[in-house]
Amino acid sequence: MLGWRDAIIGKIQYQQTKLILVHDLDYLLTDEFILRELGNRGFDIIRFEDSVTFRYLYEQQYRLGSSSPQLVIYTNEDIVFPYEFQKQALEIEMDLQYIFPKFSAQIIRQINRDDFDALYTVHKQYTGSSSDQETLEYIIKHLYKIPYDVMDSEVDLYKSLLSIHYNNIDLPKVVQDLLVHEWEQISAFQKIPLEEIISSQTHFYHFMEQKWAEFVEEFIQVQQTQINDPTEVYQSHPLLNGDVRRLMNDLFMEGFLAKVEASSVEFIPTWMRFGIEENVNEEDKEIKLTHLREKIVESLQNATLYKDWLEIIGLIGEFKLTAILNDNHKMDTDNLMKAVNEKFMKWMTTQFHTLTSLPPYPKPKLVHHIPHVIDKERKNNEKVALLVLDGMNFSQWKMVQKYLREYQFLFDEQQVFAWIPTLTSVSRQAIFSGNIPLTFSQTIHTTTSEEKLWKSFWENQGVLKQYVAYQKSLGKEKYDRQNIKALARRSTKVYGAVIDVIDQFTHHAVLGEKSITSDLKLWLKTNYLVNLLNDLMANGYTVYLTSDHGNTNAIGIGRISEGVLVDQKGERVRVYSDTTLYEDAASKFSGVKWPSVGLPENYNALLAEYGQAFVPKNHSIVTHGGISIEEVIVPFVKVQKNKGSGLGE
């Protein structure tokens, strides 16, 4: 059932013209279901971002002819399409008031598009006016299920916010403002930083970690001295509520909440152990791994959209790191990852192309969206730095994250898709260019043009190139702030840097992922990254971290000898410029023919199957280049520092 999407699809599907130009200021076409359905009905969809990129893409792939598909070009900006396209096209507009006529359009425009399915259902039952206030109050109670006007205790508040943040629900600013206005009048909430914990998942989790640490210390004190009234601790504390405890236990096990170190663990009961940092016994490890495994399997059954895979990769990162650090059940881990990747790779080959038609806002979907998001978030004259940890997958990010937490760093974390094939020359170049690989076809086999592309992107955003710095090959040397271009030149406003130690660890991993984990642990202890982050922030930079691609385990299926017939000989991918040679190789060797989404027309990629590599038979390696979930989905993180306020700044 397409629900609200029927009206959008209906405006397009019966048009007979070859070219349809859509003005979509309400971001209604930016929906994976709609793009998929229109694709199934014979339409190709392109998002118009800028005239130069669009013309390049159009000339390369969409010269209209008798065999060309119907083409939909849409924009989310108030622009005029190029005249030569207007002459041959039908122009239409999309308007959300057509879908939600009973509600205030001003309020609905602020609702996350992911919530439109539920919004469409509650809209049918609405009998109020279309005023802003009535619409807003109704939506808070019936869409977000927040009975804000009857909540008067910390238990109510924690239960509501735990559910919202755990389920990654983005409350619109207008909803946040109303909740703060209503709740700041309640006496039980007077000492709670409502604005911060409502608006930010990061700040809320940090707040709950502090509350948990206070509770644990108080609990131990009562047990040791019995000075305080134990009834107050055991019965009235909000963290003892069953629903609050259950959600917090899940957050501890899934790595979203950091555990606390207790002054004494002998008095800690079993139900509190998941929130205590100690030498956990084998039973506790097994409970955590079982919980994560079951959550991954449950999520996998319902995975149909790209956002589903973003949730799964976070769970996988925590699961794999826990298993690697504790030498647990390698066979179980391998079987689970095989099941995940069988479904993920099918999704990638049929649905990855829809991501290229989605905008970078409000959240990036692909790595080339990252600089666009940084630019949009960048305030006037704000200094920004992007650190690319080359080759870092999600389990390695979890390890980095846990270490940095000890130094009071906080993280606003998102996930993005790398470009395929997951090679440095493709995906990292996409990051620094802010564009799809099709546009840098001349340099797609090398990374030598990254600095030029990075400066060109920012020049297009109005930042002169003398204020933009780029640096690579960082991390292997002893940290010296004088070697960091962002710190050595005061005039720098935008800094892009590559830290490639993880990629180096990957290519020299004698014992597979365990070697990488061990090497990464030693490198983190040098505090190179801690010092770099501290110095950048001390010099006024807003810092972002990401990766260009991840890595995965693979076993050799035999080295392929083709000499000059193949253009690029990766361990998980082989690239051919000649289509005939490509088709011949695909017929002879085990592999996946990639549909060349967003790639130059002479760039044909043959990918190894999951768990396989084009290296000597039975040779075990950790590598990248393919479309496993570990290689494809990477973190994109805004780094903050807790400066003692308890909430970061």
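Predicted model: local features only at pLDDT ≥ 70, side-chain atom pairs only at ≥ 80, totals over all residues.
Contact here means heavy atoms within 4.5 Å, and helices (H or I, at least four residues) and strands (E, at least two) are DSSP runs, numbered from the N terminus. Residues are numbered from 1 along each chain as its sequence is written, and side-chain values use heavy atoms, with hydrogens and water left out.

**Helix pairs**

Let us start with the helices. Two packed helices are described by the angle between their axes and the distance between the axes. Axes are lines fitted to C-alpha atoms, for helices over the stretch in contact, and angles run from 0 to 180 degrees between N-to-C directions.

| Helix pair | Axes come within | Crossing angle |
|---|---|---|
| H1 (residues 5–13) and H2 (residues 32–40) | 10 Å | roughly 35° |
| H17 (residues 370–377) and H20 (residues 450–460) | 11 Å | roughly 40° |

In H17, Pro371, His372, Ile374 and Asp375 meet Trp454, Phe457 and Trp458 of H20. On the H1 side of the other pair, Arg5, Ile8, Ile9 and Ile12 touch Phe33, Ile34, Glu37 and Leu38 in H2. H17 passes H20 in a right-handed crossing, and H1 passes H2 in a right-handed crossing too. A crossing is right-handed if the near helix is turned clockwise from the far one by less than a right angle, and left-handed if anticlockwise.

Another helix, H9 (residues 173–183), holds Asp177. Asp177 is partly exposed, at 41% relative accessibility (buried means under 20% relative accessible area, exposed over 50%, partly exposed in between, with a 1.4 Å probe and protein chains only). From C-alpha to C-alpha, Asp177 is 7.9 Å from Glu195, and the two are 18 residues apart in sequence.

**Aromatic rings**

Across the whole structure, a search finds 31 aromatic pairs. Rings of Phe, Tyr and Trp (its six-membered ring) pair if their centres lie within 6.5 Å; planes under 30 degrees apart count as stacked, over 60 as edge-to-face and the rest as tilted. Tyr126 lies in the loop between helix H6 (116–124) and helix H7 (132–142), and Tyr138 in helix H7, so the pair ties together parts that are 12 residues apart in sequence. Both Tyr126 and Tyr138 are buried.

Tyr576 and Tyr582 form a tilted pair as well, at 6.1 Å centre to centre and 45° between the planes. Tyr576 is buried at 0% relative accessible area, and Tyr582 is buried at 4%. Elsewhere, ring pairs link Tyr306, Trp309, Phe344, Trp347 and Phe417 into a cluster.

Charges meet rings here too. The charged end of Lys641 sits over the ring of Phe409, 4.7 Å from its centre, and Lys398 lies over the face of Phe256, at 5.2 Å from the ring centre. The criterion is NZ of Lys or CZ of Arg within 6 Å of the ring centre and within 35 degrees of the ring normal.

**The sheet**

Finally, 6 strands form an open sheet of mixed pairing, in the order E6-E17-E9-E5-E8-E7. Two strands pair if DSSP finds at least two bridges between them. Strand E6 (409–417) and strand E7 (468–474) stand at the edges, each with a single partner strand, so one side of each is left without a neighbour in the sheet. Neighbouring strands of this sheet are turned by 20° against each other on average, direction ignored. Strand E5 (residues 383–389) and strand E9 (residues 541–546) run parallel, joined by 6 bridges, and Lys383 stands opposite Tyr541 in E9.
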